[in-house]
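Colleague: Please show me how to read the features of a model like this one. Keep it brisk.

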Amino acid sequence: MAGIILAVILMLCMSAGYSYSDSTEFCSSCHSMNEYAANWQTSNHKQFKCTECHLPQDNMIDKMVAKTETGLNDTYHEFMRDYPAEIKLTAKGKDIVNGNCLRCHQSTVENTFMAESSDNCLKCHTGLVHHQFTNKGGIKIE
């Protein structure tokens, strides 16, 4: 009986941890993400959580793998305080974000030249949410 109770408590804790780590409050709690979170709050996409754009949404396994990889990478750089002055998406990150743009906006582009293009949404809309061209990001060394 104690094992079942322990298992239930463990599952509840894991569920709460997963839920919190999926929140925008969690994502923006890192020092290096402060400016990105502030810019996001002024965008037209502020109703979406960070993970809705930055993690795959096709299935839970892909999302968990990407969340683990991203979380470990971000934790490492936050701990080492070695984020670059301007944080940029990796090629894999761009593919994920672009796929999520199209997941929500497919009907907008399906009858335009963009539907036939191999370019991604970020080619023209790179600063749409985070004002990337004006954001210095990174970790400020005090």
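Colleague: Is Asp 22 buried or exposed?

Modeller: Go by relative accessible area: under 20% is buried, over 50% is exposed, and partly exposed lies in between (1.4 Å probe, protein chains only). Asp 22 has 7%, so Asp 22 is buried. A caution on what you see: this is a predicted model, where local features need pLDDT of at least 70 and side-chain atom pairs count only at pLDDT 80 or more, while totals for chains, interfaces and linings use all residues. Residues are numbered from 1 along each chain as its sequence is written, and side-chain values use heavy atoms, with hydrogens and water left out.

Colleague: Which side chain meets that of Asp 22 in a salt bridge of 3.5 Å?

Modeller: A salt bridge needs a side-chain nitrogen of Lys or Arg within 4 Å of a carboxyl oxygen of Asp or Glu. Here the partner is Lys 67, at 3.5 Å from N to O. Lys 67 sits in helix 5 (residues 60-80), and Asp 22 in the loop between helix 1 and helix 2. The two are 45 residues apart, so the pair links distant parts of the chain. Lys 67 has a relative accessible area of 14% and is therefore buried.

Colleague: How many salt bridges does the structure hold?

Modeller: There are 4. One of them pairs Glu 69 with Lys 92, at 2.7 Å from N to O. Glu 69 belongs to helix 5 and Lys 92 to helix 6, 23 residues apart. Glu 69 is partly exposed at 41%, and Lys 92 is partly exposed at 43%. Shared partners also matter: they join Asp 22, Lys 49, Lys 63 and Lys 67 into one network.

Colleague: How many helices and strands make up the secondary structure?

Modeller: Read DSSP runs, numbered from the N terminus: a helix is H or I over at least four residues, a strand is E over at least two. This chain has 7 helices and 0 strands. Of its 142 residues, 26% count as buried. For contacts, take heavy atoms within 4.5 Å. Among contacts with a separation of 6 or more, 73% join residues 24 or more positions apart.

Colleague: Which residues of helix 3 are buried?

Modeller: Start with the geometry. An α-helix has 3.6 residues a turn, so residues three or four places apart point the same way. In helix 3 (residues 34-41), the buried ones are Tyr 36, Ala 37, Asn 39 and Trp 40. They fall within an arc of 165 degrees seen down the axis, so they line one face of the helix. The arc takes the directions from the helix axis to the C-beta atoms. Their cover includes helix 2 (24-27).

Colleague: How many disulfides does the structure hold?

Modeller: A disulfide is a pair of cysteine sulfur atoms within 2.5 Å. The count is 0. For Cys 30, the nearest cysteine sulfur is that of Cys 27, 8.3 Å away. Cys 30 is partly exposed, at 24% relative accessibility. For Cys 121, the closest cysteine sulfur is in Cys 101, but 4.4 Å is too far for a bond.

Colleague: What does Cys 53 touch?

Modeller: Leave out residues up to four places away in sequence, and Cys 53 touches Ile 96, Val 97 and Asn 100. Cys 53 is in helix 4 (residues 50-54). Its C-alpha atom is 7.5 Å from that of Ile 96, across 43 residues of chain. Cys 53 is partly exposed, at 27%.

Colleague: Last, the surface. Which residues form a nonpolar patch?

Modeller: A patch takes residues with over 30% relative accessible area and no salt bridge; like charges are joined within 9 Å, nonpolar side chains (Val, Leu, Ile, Met, Phe, Trp, Tyr) within 5 Å. Here the members are Met 1, Ile 4, Ile 5, Val 8, Ile 9 and Leu 12, with about 650 Å² of accessible area together. Areas come from the Shrake-Rupley method with a 1.4 Å probe; for residues, only the protein chains shown count as cover. Ile 9 lies in helix 1 (residues 2-21) and is partly exposed at 45%.
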